[in-house]
Amino acid sequence: MNTILVTGGCGLIGQHICSGLLKKGNKVIAVDEKENNYNTGKFNYSFIQSAQDDRDSYTEIFTKNKIDIVIHASCTVDNDFGPIIMEKQMTISGECDRFIYETAMNNNVKMFILLSTDQVYEFTKTREPIREVNKLKVITNYANMKFEAEKAFVRELQNHKNVIACIVRYSPVYSLKFIDNLTAKITDPKDGMKFVSGTGQYGFQLCCIHNLVDFILCFVRYAEDTSYSGTYNVCDKHLTTASEIIAFMREHYHLGTVISRSAGGALSKIKGIFSKNADEKENYRYLDMSKLEYNNMLDCTKASKIVVFRWDIKNTK
């Protein structure tokens, strides 16, 4: 049985990771600023309330427990910071990251998984899928925060080459109950109106939260040595189209009126809004319409060798 520390373990993503790990027979210690009841009372689960930058708390955790694996899901912008990332949050996150990396590896963890974001990539103006070796270009503060976390992680690993290390770059998540990242794709930020361009057959790269959890569970189980170490793209197999989002919302939620616009007019109008939006670089969920035109998607071939991505908007739970 592995003892696994999950930072941000009570957030939207963290709670599902903890639940999956528990089902696989692991002992899980969740650390977060706020507790929820998602996993409370489950066998082999414990919760420790702590701020991201509380060094004494993390030191005590590693002193009192033999931690085998760390899954660093803290500061993923669910319940840790909220959707708006400013300089203060970036500083806190960076200090937290560096301390946890050093403390975990000095205490001989055998595996460390870092959750990052696909926003670190430069989204090219082609239809070629984005691979782990593609150019990186951060735009949002959230992407910069996660990119700095990746770089600090790699630096710490130079002194701990025996640790099985995984960076997971995943797309915006959704589930049947969490739909914020879906509705953002069909909502005009100027007036809140739901809209679709043309017939809505353009797509967005998204990640069902259960695909993300499945990858982590399989990596924990099958990554036996450092040959598995590296960066992995994690997302749904196919793009999720605007029309699919609308159909999903109409089936499971009240959607209301959806306005149909001509593709060219809609793109120009929305892009013009964001060129003047002060929150563009801070809000990790902002609607980047330049990506819409090119249907960029991640290549998850590497991750597919470890897990079958079986979830999408049609069968999410």
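**Charged side chains in a predicted model**

Modeller: In this predicted model, the side chains of Arg 131 and Glu 128 meet in a salt bridge at 3.9 Å, N to O. Residues are numbered from 1 along each chain as its sequence is written, local features need pLDDT of at least 70, and side-chain atom pairs count only at pLDDT 80 or more, while totals for chains, interfaces and linings use all residues. Side-chain values use heavy atoms, with hydrogens and water left out.

Biologist: Why is the contact between Arg 131 and Glu 128 called a salt bridge?

Modeller: A salt bridge requires a side-chain nitrogen of Lys or Arg within 4 Å of a carboxyl oxygen of Asp or Glu, and the pair Arg 131 and Glu 128, at 3.9 Å, therefore qualifies. By this rule the count comes to 8 salt bridges.

Biologist: What makes Arg 131 partly exposed?

Modeller: Buried means under 20% relative accessible area, exposed over 50%, and partly exposed in between (1.4 Å probe, protein chains only), so Arg 131, at 34%, counts as partly exposed.

Biologist: What does the salt bridge between Arg 310 and Asp 214 tie together?

Modeller: That pair meets at 3.1 Å, N to O; Arg 310 lies in the segment after helix H10 (301-304) and Asp 214 in helix H6 (residues 209-222), so the bridge ties together parts that are 96 residues apart in sequence. Helices here are DSSP runs (H or I, at least four residues), numbered from the N terminus.

How values were computed: Helices (H or I, at least four residues) and strands (E, at least two) are DSSP runs, numbered from the N terminus.
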